[in-house]
Amino acid sequence: MFHVKLPSRDVMARHADEKVTGSRVHLPRRNVDPLRQVGRRILMALGVLFLTVLIVYADRDGYHDNANGTVDFLDCAYYATVTLSTTGYGDIVPYSDSARLVNILVITPLRVLFLIILVGTTLEVLTERTREEFRLKKWRSHLRDHTVIVGFGTKGRSAIQTLCATGLRKDQIVIVDPSGKVIEAANRDGFVGVVGDGTRSDVLLRAEVQRARQIVIATQRDDTAVLVTLTARQLNRGAKIVAAVREEENAPLLRQSGADAVITSASAAGRLLGLSVLSPSAGTVMEDLIQQGSGLDLVERPVTKAEAGRSVRETDDLVVSVLRGHRLLSYDDPSASPLQLTDRVITIVRAAPVTPLSTPPED
């Protein structure tokens, strides 16, 4: 039986003012220019006004002006303006049956439309929730085989950067974090976020974890990582779960909880430090390899038809390991050659740079 070893000092997840009582899905906001919105509404209002003027002018003989008895174009513009903006002053009135019918069936709806345009900002606030609900339903209906990232700190951001470098689209990534400010930062980068505690099943269900292909757990505490792993594995039996822990002795517990791979962040950093002390150049090369999109990258890919039957040394790329079934063979293992068509190889290649993500609060 394993026990979780906690850090010597507990690290608080977020500040007290960032505590969230309930979880909610936050979709990336669309960039809308306020000046363009105002300009569009002004043009719509002018269009309604101009249409009303034309309607009144076309039936001007059915209107009466108390001032001089006749209605010209200026009188039509004046009547349309006061009618759309107010209930009118009674100085120009429709007296024919056709003019009154047009006022009932056409002018009155245009007045309502004109007022709606003028108070569009207020109505937009009222309809914002409806639009968000519609976007959420559309998002959920199209979300399949996505990646859930629990924790958007330093480790989570680095994991996402690597995944995006391999071709994963941003709309296929959902981030879960208890901090609203962190999720806002994720939204600015174009990711969908869920505010809430990743150890709770209802929060993970909002992230559609039951339909995810892979789950990355990058929480700040090892005990939290264990609980998230247990919950995620219970909700999704087939997803690939990768978790990070601070203490190496907690890694077996993560594997027992359902993690397919466990990365010990403290030990990995320590080994890289030791290697850099022995050989700074070797440490630089290793850091380059694990930093996706910068210089050389480690890539897992299937064996091509042209490579099948050949030795690992005869491939175009530099092969470091061969994955055959569930066996991981070193490049110098005699059984690794010749390559089989069903094998997968881990190679060192040169990749394009990755666009960095914005930086939310640190771990």
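In which helix is Leu 46 found? Leu 46 lies in helix H1, which covers residues 34–58; helices here are DSSP runs of H or I with at least four residues and strands are runs of E with at least two, numbered from the N terminus. The model is a predicted one, in which local features need pLDDT of at least 70 and side-chain atom pairs count only at pLDDT 80 or more, while totals for chains, interfaces and linings use all residues. Residues are numbered from 1 along each chain as its sequence is written, and side-chain values use heavy atoms, with hydrogens and water left out.

**The chain as a whole**

The protein chain has 11 helices and 13 strands. Of its 363 residues, 37% count as buried, a word that stands for under 20% relative accessible area, with exposed for over 50% and partly exposed in between (1.4 Å probe, protein chains only). Among contacts between residues at least 6 apart in sequence, 67% join residues at least 24 apart, where contact means heavy atoms within 4.5 Å.

**The sheet with strand S13**

Four strands form an open sheet in the order S10-S13-S11-S12, with antiparallel pairing; two strands pair if DSSP finds at least two bridges between them. Its edge strands, each pairing on one side only, are S10 (296–302) and S12 (327–330). Strand S11 (residues 318–324) pairs with strand S13 (residues 344–350) in the antiparallel sense over 5 bridges, and Leu 323 stands opposite Arg 344 in S13.

Thr 347 belongs to strand S13, whereas Ala 243 has its place in strand S8 (residues 240–245). The table sets out their relative accessible areas.

| Residue | Relative accessible area | State |
|---|---|---|
| Thr 347 | 0% | buried |
| Ala 243 | 1% | buried |

Leaving aside neighbours within four places in sequence, Thr 347 is in contact with Asp 297, Leu 298, Val 299, Arg 301, Asp 317, Leu 318 and Val 319. With neighbours within four places in sequence again left aside, the contacts of Ala 243 are Ile 217, Thr 229, Leu 254, Ala 259, Ala 261, Val 262 and Ile 263. Ala 243 and Val 150, which are 93 residues apart in sequence, are 9.4 Å apart in space, C-alpha to C-alpha.
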